[in-house]
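Thank you all for coming.

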Amino acid sequence: MSKNISDVIIIGGGVAGLSTAMQLAKRGSSVTVLEREQIGNGSTGRAAGLLGQLRGTAEHTRMLMDGVEIVKELEAKASVEIYVQTGSVRVAETPERAQEITDLVEMGHSIDFDIDHIAIDELAKRLPYMHTDDLTAACWCPTDGHLQPAELAAAYHKVGRDHGVRYETNCPVTGVLLEGNKALGVQTPKGEFLSPVLVNAAGPWSYLVAGLTDTTLPTAALGHVYLTTQPHS
Ligand SMILES: Cc1cc2nc3c(=O)[nH]c(=O)nc-3n(C[C@H](O)[C@H](O)[C@H](O)COP(=O)(O)OP(=O)(O)OC[C@H]3O[C@@H](n4cnc5c(N)ncnc54)[C@H](O)[C@@H]3O)c2cc1C
């Protein structure tokens, strides 16, 4: 029997693939992650790492709240510091945006998310470098923060390995083995890997992986720029 057989193959070793692998392995599946380069080398390794939980819907916000708890669990299991809880603000300059903040605070309270309105003069005291004259409303989320994406990926990798996940790096998936519409596995330069379940976690390259089965995934990769500043002194 081939040693390259598992319950699930995950294509892509970014945060999506790594977390899926860890969660499935924790629940008893044998999982192989196939990464074409190195773990966390894709968009995960380039992210700014901001972790804001507030989203437009209660369901989406709850998912992000769970995400913070998962990161804290990972910190404990991998014995690394990943998350820096700084709090975050959201501000409004127009009546429409102020109403949006009111609605979001109400939604947050309905699901026990820690959020509240903050007076503009209080905001100016907390963030003295911020221009606040034209603001009409703001809210404060004390449990938001940021993390080091490389450390997050390393922690998922470590805890996943402890649960038996197999990781193959420098292992691009170049073809998908199919029998009719049923997946049998994938082809790579390191040979065939067999599994009836394939997870496409190739991030911005997902559409290329989908293309290996002549499936169109309507996604596009967009550039993303950010600037890191020094703390205000
Ligand atoms: C500049 C920038 C800043 C960002 N800032 C933030 C932020 O502050 N907060 C936030 O939440 N998000 C942020 N993001 C978004 C975040 O980085 C992504 O949403 C997240 O990393 C996506 O993870 P992923 O696992 O889906 O994709 P990726 O991390 O891109 O992982 C996909 C992996 O698949 C691999 N792969 C591709 N093709 C194949 C193949 N054929 N075979 C095998 N492997 C393959 C790639 O090598 C890659 O490692 C930012 C993104 C960028 C680019």
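Predicted model: local features only at pLDDT ≥ 70, side-chain atom pairs only at ≥ 80, totals over all residues.

How much space lies in the largest cavity? The answer is about 30 Å³, where a cavity is a set of points, on a 1 Å grid over the protein atoms alone, at which a 1.4 Å probe fits but cannot get out, and where the volume is the space filled by probe spheres set on those points, which are joined across faces, edges and corners. Residues are numbered from 1 along each chain as its sequence is written, and side-chain values use heavy atoms, with hydrogens and water left out.

With a threshold of 30 Å³ or more, the count comes to 1 cavity. Its lining, meaning residues with an atom within 4 Å of a point, consists of Met-22, Lys-26, Ile-70, Glu-73, Leu-74, Lys-77 and Val-159. Two elements, α1 (15-26) and α3 (58-78), each give two or more residues to that lining, and α3 gives the most, with 4 residues. Helices here are DSSP runs of H or I with at least four residues, and strands are runs of E with at least two, numbered from the N terminus.

Why does the largest cavity lie between the two domains? Domain 1 (1-48 + 150-233) and domain 2 (50-147) both give residues to its lining, so the cavity lies between them; the bounds themselves come from an automatic or database domain assignment. The centres of the two domains, taken over C-alpha atoms, are separated by 30 Å, and 11 residues of domain 1 are in contact with 13 residues of domain 2, contact meaning heavy atoms within 4.5 Å.

Turning to the whole protein, we find 7 helices and 13 strands, and a C-alpha trace that spans about 70 × 40 × 35 Å along its principal axes. Of the 233 residues, 37% count as buried, which is to say under 20% relative accessible area, with exposed being over 50% and partly exposed in between, using a 1.4 Å probe and protein chains only.

Let me now pick out some single residues. Met-65, placed in helix α3, is buried, with a relative accessible area of 18%, and, not counting residues up to four places away in sequence, Met-65 touches Gln-53, Ile-111, Asp-112 and Phe-113. Arg-166 lies in strand β9 (residues 166-168) and, at 26% relative accessibility, counts as partly exposed. Its contacts, leaving aside neighbours within four places in sequence, include Lys-3, Val-31 and Phe-193, and its C-alpha atom is separated by 9.3 Å from that of Ser-6, 160 residues apart along the chain.

Finally, which backbone angles deserve a look? Ser-79, in the loop between α3 and β4 (83-85), has a positive phi of about 55° although it is not a glycine, and at 63% relative accessibility Ser-79 counts as exposed. Asp-214, in the segment after α7 (206-211), has a positive phi of about 60° and is likewise not a glycine; Asp-214 is exposed, with a relative accessible area of 77%.

Notes:
1 Å grid on protein atoms, 1.4 Å probe; cavity = no way out; pocket = protein on both sides within 12 Å on 5 of 7 lines; lining within 4 Å.
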